[in-house]
Amino acid sequence: MTELPVTDLAESIMFTDPFPRYAELRRTAPVSRVLYNETRRREGYMLTRYADVMTLHTDPRFSSDPFKQRGSPLTKLMPRMFRLLIDTMVFKDDPEHKRLRGLVNKAFTPKMVQQMADHVQVLADQLLDDLVGAGEVDLVSALAVPLPLSVISNMLGVDDRDREEFQRSVHQMTDVAGAGNVSAMIKMLPAGRRMIRLFERMAEQRRLAPDDRLITALVEANEDDDVLSDHEIIAMIFLLLLAGHDTTSNLIGNSVVTLLDNPEQMQRLRDDPSLIDTAVEELLRFTSPVPCGATRFLLEDVEMAGQTLPRGSQVLGMLISANRDEDIFPAADQLDLGRQPNRHLAFAFGGHFCLGNQLARMEGRMAIRGLLERFEHIELAVPKEQLRWKPTQSLRGLAELPLRLS
């Protein structure tokens with residue numbers, strides 16, 4: 001194998017403007033090496049072309065289970081929060097993945113999401129109304145974070161007396177999640193333990209007094225007399241919370257910055273609000289709030305782009321790069337809010353396609369459309385180069401988005 005270029009995902013450019021780097025890799029080294037945590041000790045391969053990323057999501061030689069070949073580590077020594085996350089369907093292959101997803105699909109249904117539409121609209125309107133007359137705001141803390149967090153709180157059935165503790169714990173976890181170092185994981189533990197206790201209490205309450213919310217649906221999910229275990233229910237709640245909150249907040253924040261960078265496209269959407277559906281799809285493609293899916297592990301040697309990736313290798317499929325692949329998307333680096341077709345991979349593909357994609361789309365539509373309807377003038381309150389990106393390689397989003405609104 002020829003020597004491959006190495007990309008360190010902790011480099012600042014990989015947060016601020018990674019797209020030229022990915023374009024160069026697609027042209028010259030579609031399979032390359034990557035360092036992907038802050039300790040720079042975790043090394044694997046990186047795929048940057050659309051076709052290769054699709055292969056990673058559809059070829060069973062790419063396993064989602066980190067322990068399939070090496071066996072389980074001493075998981076009993078891990079904090080319970082990490083044991084729960086490891087046991088979610090994200091890190092499972094079929095048939096276990098199919099079993100878990102089938103049961104969860106019984107609970108997290110399109111009908112349930114659609115029934116949330118009026119509630120999501122009310123929440124979005126309230127948050128946006130609070131911004132009127134404020135002048136300068138941080139859109140992340142004022143809209144992008146509280147909207148999806150309030151939605152998932154409502155879906156889970158977190159009552160008013162638990163809402164403050166729930167949201168505080170979520171903030172403490174997501175502020176450090178994904179940093180990839182030991183100190184960050186340690187900081188997550190107290191909040192994680194509080195969340196587990198809350199979810200256990202809520203699950204027990206829903207067994208005794210069912211309601212029409214998501215935890216009850218998970219408790220009652222049944223397929224051919226197969227049900228989720230108590231452990232699997234808590235793990236699934238954790239997954240829905242972490243996957244459905246930060247990703248959507250990144251979509252909202254990233255989209256607004258992108259529209260400000262493309263004022264003619266923002267005006268196009270103002271002039272024709274009916275474009276909102278295709279606009280959100282294009283903003284998902286263009287901004288890629290989730291740069292890559294979960295790491296895959298090779299079960300055997302695989303030949304890709306003239307390179308042999310050896311059995312046991314860890315491989316990242318870069319959704320953020322695939323979504324700018326010129327072979328799939330004409331004028332891929334240009335924002336086109338009416339782009340059709342738009343076969344982006346922002347929600348991944350195949351069996352691990354994002355379960356919450358319709359909810360994320362709904363929240364994005366309501367937040368972006370509402371912002372443009374209420375404010376004729378939107379501009380950054382700081383130079384763009386001063387915007388701070390979250391130090392998280394598994395997600396791409398702004399820590400703050402200072403705006404002037406009028």
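This is a predicted model: local features need pLDDT of at least 70, side-chain atom pairs count only at pLDDT 80 or more; totals for chains, interfaces and linings use all residues.
**Arginines over rings**

I started at R324, whose charged end sits over the ring of F286, at 3.8 Å from the ring centre.

I then looked at R33. Its charged end sits over the ring of Y45, 4.1 Å from the centre.

**Aromatic pairs**

How many aromatic pairs are there? I get a count of three. I looked up two of them.

For Y50 and F329, I find the ring centres 5.9 Å apart and the planes at 75°. Planes over 60 degrees apart count as edge-to-face, so that is what I call the Y50–F329 pair.

Where do the two partners sit? I find Y50 in helix α3, residues 50-58, and F329 in the loop between α16 (319-322) and α17 (357-374). The pair therefore ties together parts of the chain that are 279 residues apart in sequence.

Y50 has 7% relative accessibility, so I put it down as buried. F329 has 1%, so F329 goes down as buried too.

Next I checked F199 with F238. This pair is also edge-to-face, with 5.8 Å from centre to centre and 90° between the planes. I find F199 in helix α11 (residues 182-208) and F238 in helix α13 (residues 230-261). They are 39 residues apart, and the pair links distant parts of the chain. I have both F199 and F238 as buried.

**F67**

I looked up F67 next and found it in the loop between β4 (62-63) and α4 (80-86). Is F67 buried or exposed? Its relative accessibility is 18%, so F67 counts as buried. I also checked F67 against I86, which is 19 residues away along the chain; their C-alpha atoms are separated by 9.9 Å.

**Helix α2**

Which residues of α2 (residues 19-28) are buried? I list F19, Y22, A23, L25 and R26. Looking down the axis of α2, I see these buried residues fall within an arc of 160°, so they line one face of the helix. On the other side of α2, I have R27 and T28 as exposed.

What do the buried residues of α2 pack against? I noted three strands by name: β1 (6-8), β2 (31-35) and β3 (43-47). I also wrote down the helices α1 (13-16), α15 (276-287) and α16.

Methods. Residues are numbered from 1 along each chain as its sequence is written. Side-chain values use heavy atoms; hydrogens and water are left out. Rings of Phe, Tyr and Trp (its six-membered ring) pair if their centres lie within 6.5 Å; planes under 30 degrees apart count as stacked, over 60 as edge-to-face and the rest as tilted. Helices (H or I, at least four residues) and strands (E, at least two) are DSSP runs, numbered from the N terminus. Buried means under 20% relative accessible area, exposed over 50%, partly exposed in between (1.4 Å probe, protein chains only). A charge sits over a ring if NZ of Lys or CZ of Arg is within 6 Å of the ring centre and within 35 degrees of the ring normal. The arc is that of the directions from the helix axis to the C-beta atoms. Contact means heavy atoms within 4.5 Å.
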